[in-house]
Amino acid sequence: MRRNASRLRWMLLSLAMIAAVAGSTPPELADLLERLPPATKATLRSNAQRWDAWSPAEQKLFCERAAQWDALPRAERDERRERWLAWQALSPGERAQAQSAAVQYASMPPDLQGAWRAQFDAMDRSERRGWLLGPSLGADYAVLQPLLAQVPEAEHAAMLRTLRSMTPQQRRDLGVLAQRTPPDARAALRRELVSVSAQERGDWLWRRLQH
């Protein structure tokens with residue numbers, strides 16, 4: 001019920017924004033749109049302008065694809081959405097690495113592909129999901145997992161920016177520090193890590209490891 005209500009709300013808002021582009025927004029919806037967060041309003045406006053620019057055939061194709069998406073099981077939609085968001089968070093260099101790896105994998109003999117896939121599927125689920133963070137953080141996720149397991153949503157972006165700005169050795173040192181830190185003290189460790197400047201981070205890690 002709640003999921004359907006959420007989808008209906010966003011559909012109505014999107015349609016309202018389309019009407020706004022056309023200059024025919026009802027007053028009550030115009031008031032609602034004005035109260036939306038700027039980022040949400042900008043996204044809806046961009047989507048509405050894109051829809052308005054499409055031909056009827058393109059709009060029909062989009063509706064068919066949307067219906068196919070809605071027909072997927074919830075778990076599969078969630079998994080695909082998670083992968084898409086993870087891709088959006090990667091840097092251009094990391095995307096290029098991932099695309100190169102995909103080309104290399106596609107060129108392998110089927111039996112080798114199957115063996116690699118079996119090894120990946122045999123990993124712990126959290127370790128598999130760690131690779132969604134990209135080639136650099138994915139390689140270090142096993143040692144960083146204690147620190148990243150319970151990061152609040154509001155802290156994700158800052159934490160990932162900090163980790164990506166660190167050297168591989170710094171991330172390994174951080175992993176050692178995370179293993180030594182009691183679970184109830186890891187939130188404070190994350191906040192301290194994010195607050196330390198890149199120039200001071202090496203010395204900070206060294207001091208913390210000495211304790």
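These legends accompany close-up views of a predicted model. Local features need pLDDT of at least 70 and side-chain atom pairs count only at pLDDT 80 or more, while totals for chains, interfaces and linings use all residues. Residues are numbered from 1 along each chain as its sequence is written, and side-chain values use heavy atoms, with hydrogens and water left out.

View 1. R171 sits in α11, which spans residues 168-180 (helices are DSSP runs of H or I, at least four residues, numbered from the N terminus). With a relative accessible area of 5%, R171 is buried (under 20% relative accessible area, 1.4 Å probe, protein chains only). A polar atom of the R171 side chain lies 2.8 Å from the backbone oxygen of M166. Leaving aside neighbours within four places in sequence, the contacts of R171 (heavy atoms within 4.5 Å) include S136, D140, L163 and R164.

**View 2. S195 in helix α12.** S195 belongs to α12, residues 186-195. Here the residue is exposed, at 57% relative accessibility (exposed means over 50%). Its side chain has a polar atom 2.8 Å from the backbone oxygen of E192. The C-alpha atoms of S195 and T162 are 9.3 Å apart, although 33 residues separate the two along the chain.

**View 3. The largest nonpolar core.** This core has 20 residues (buried Ala, Val, Leu, Ile, Met, Phe, Trp, Tyr and Cys residues joined through side-chain atoms within 4.5 Å). Among the members that touch the most others are L147, L148, L163 and W204. Helices α9, α10, α11, α12 and α13 each supply at least two residues, and α9 gives the largest share, five. Not counting residues up to four places away in sequence, L148 touches L133, Y141, M159 and L163.

Conventions. Polar contact = N/O pair within 3.5 Å; in protein donor to acceptor, adjacent residues only side chain to side chain.
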